[in-house]
Amino acid sequence: LVGPRMELVILGTQGIASNSILSVRAGATRQQAPVSTIHKPFKFPCKVDECRAVKIDVLTVVGCARTACLAGQPHEYELDLVPPSRSDLEGPTDCAIKDNEAAASISFRIQPPSDTGEAV
């Protein structure tokens with residue numbers, strides 16, 4: 001296994017919330033990190049002269065939800081996503097539902113692997 005051959009250093013950002021996530025792709029490798037940790041370089045296995053394109057996506061938390069999973073059997077869940085509050089813009093997002101403020105929801109099932117072998 002060869003170590004990193006290229007580093008991508010973010011020199012600065014403007015207009016990007018500190019709780020956003022940077023998703024950087026160079027070649028076939030994708031790295032993600034919170035904007036608050038961009039003082040560390042993104043490291044990639046490709047050489048500088050082999051890197052033909054870099055893609056940077058900025059991801060922002062729209063909402064969050066948490067649940068405890070029931071062990072031992074498949075189960076379906078439906079969770080309300082709570083939007084981040086103004087106080088959360090500079091820190092971790094609190095996922096506790098406050099006064100019916102959920103604006104979106106997500107449903108999912110936890111189950112054993114299917115026979116298709118396909119993944120997202």
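Does Phe108 count as buried, exposed or partly exposed, and what is its relative accessibility? At 31% relative accessibility, Phe108 counts as partly exposed. Buried means under 20% relative accessible area, exposed means over 50%, and partly exposed lies in between, with a 1.4 Å probe and protein chains only.

This is a predicted model: local features need pLDDT of at least 70, side-chain atom pairs count only at pLDDT 80 or more, and totals for chains, interfaces and linings use all residues. Residues are numbered from 1 along each chain as its sequence is written, and side-chain values use heavy atoms, with hydrogens and water left out.

Stay with Phe108 for a moment. A search of the whole structure finds one aromatic pair. Its members are Tyr77 and Phe108, and the pair is stacked, with 5.1 Å centre to centre and 20° between the planes. Rings of Phe, Tyr and Trp (its six-membered ring) pair if their centres lie within 6.5 Å; planes under 30 degrees apart count as stacked, over 60 as edge-to-face and the rest as tilted. Tyr77 lies in strand 6 (residues 75–81) and Phe108 in strand 7 (residues 104–110), so the pair ties together parts that are 31 residues apart in sequence. Strands here are DSSP runs (E, at least two residues), numbered from the N terminus. Tyr77 has 9% relative accessibility, so this residue counts as buried.

Now turn to the sheet. Strands of a sheet pair through backbone hydrogen bonds, either parallel or antiparallel. Here an open sheet of three strands has the order 3-2-5, with antiparallel pairing. Two strands pair if DSSP finds at least two bridges between them. Strand 3 (29–34) and strand 5 (54–59) are the edge strands, each pairing on one side only. From one strand to the next, the twist averages 15°. Angles run from 0 to 180 degrees between N-to-C directions, and axes are lines fitted to C-alpha atoms.

Strand 2 (residues 21–26) runs antiparallel to strand 5, and six bridges join them. Ser23 has Asp57 of strand 5 as its bridge partner. Strand 2 also pairs with strand 3 in the antiparallel sense, over six bridges. There, Ile21 stands opposite Pro34. These two strands form a hairpin with two residues between them, and Gly27 in the turn has a positive phi of about 65°.

Finally, the core. A nonpolar core is a set of buried Ala, Val, Leu, Ile, Met, Phe, Trp, Tyr and Cys residues joined through side-chain atoms within 4.5 Å. The largest has 13 residues, and Phe42 and Phe44 have the most contacts inside it. Strand 1 (6–8), strand 2 and strand 4 (42–44) each supply at least two residues of this core. Strand 2 gives the most, with three residues.

Conventions
Helices (H or I, at least four residues) and strands (E, at least two) are DSSP runs, numbered from the N terminus.
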